Each structure stands twice: as structure tokens, then as C-alpha cells.
Amino acid sequence: MALCLELNVSSQGESIEEARRLLQEACEEYLSHMAEEKLEGEIRTVPLEVLREFLVEDVEHVRPSRDWIYSENISFEVEACV
């Protein structure tokens, strides 16, 4: 899964590379739509609490196996793309 926090856009793919590519396309499409509708001022970033809930608190729904144990020490890869 790939997230663009600045635009509140997400995407997913079978690999990290595919998720990034699809996120880039989704961001471009979103920005194009917002420009066409003259809504650039309506773009809102993701609040950090919402991001935390999305990434951590719902982890029970996506656990890889029944043996997997939830821990607050879960880590996520964060990358800035320009």
C-alpha cells in the first residue's frame, strides 16, 4: 500500500514498485480533477491521528496469520517522493 499524506490519496499493488506507480497515477488524476473543478483550495492533508488509526489500530484486520501477535513496535517504511 502506498499513501500520499499531502493529498490524502492512497493506492495498492502487488509490489512496492507497482503501488508507487499506481499512487503516482492516482495523485496526477486527483490533481487534474481538482484543477478542472477549481477546487485546489479544498485539498486537505491526512491528520496524523487518522493515519495512526489506519496503520496501527486496525492491524487486527490485516494480520498475516493467526499466530501473528500485535505489537506497538510495528514499523512502516516511509519515503518522501517528489
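**Salt bridge, core and backbone**

Biologist: Which side chain meets that of E25 in a salt bridge?

Modeller: The model is predicted, and it holds one salt bridge. The N to O distance in this bridge is 3.1 Å, inside the 4 Å cut-off. The partner of E25 is R21.

Biologist: Where do E25 and R21 lie, and how far apart are they in helical turns?

Modeller: Both residues belong to helix α1. Because they are four residues apart there, the separation is about one helical turn.

Biologist: Is E25 buried, exposed or partly exposed?

Modeller: Exposed would need over 50% relative accessible area, and buried under 20%. R21, at 44%, is partly exposed. E25 has 39% relative accessibility, so E25 is partly exposed.

Biologist: Which element supplies the largest share of the largest nonpolar core?

Modeller: That core has seven residues: A2, C4, L7, V9, A19, L23 and C27. The largest share is three residues, and the element supplying it is α1.

Biologist: Which residues does C27 touch, leaving out those up to four places away in sequence?

Modeller: C27 is one of the residues of the largest nonpolar core. With those sequence neighbours left out, C27 touches C4, L7 and V9.

Biologist: Where is N8 placed?

Modeller: N8 is a residue other than glycine with a positive phi, near 60°. Its place is the loop between β1 and β2 (9-11).

Biologist: Is K38 buried or exposed?

Modeller: K38 sits in the loop between α1 and α2 (48-57). Phi of K38 is also positive, near 55°. Its relative accessible area is 69%, so K38 is exposed.

Conventions. Residues numbered from 1 in each chain as written. Predicted model: local features only at pLDDT ≥ 70, side-chain atom pairs only at ≥ 80, totals over all residues. Heavy atoms only, no water. Core = buried A, V, L, I, M, F, W, Y, C linked by side-chain atoms within 4.5 Å. Buried < 20%, exposed > 50% of the residue type's maximum accessible area, 1.4 Å probe, protein only. Helix = DSSP H or I, 4+ residues; strand = E, 2+ residues; numbered from the N terminus. Contact = heavy atoms within 4.5 Å.
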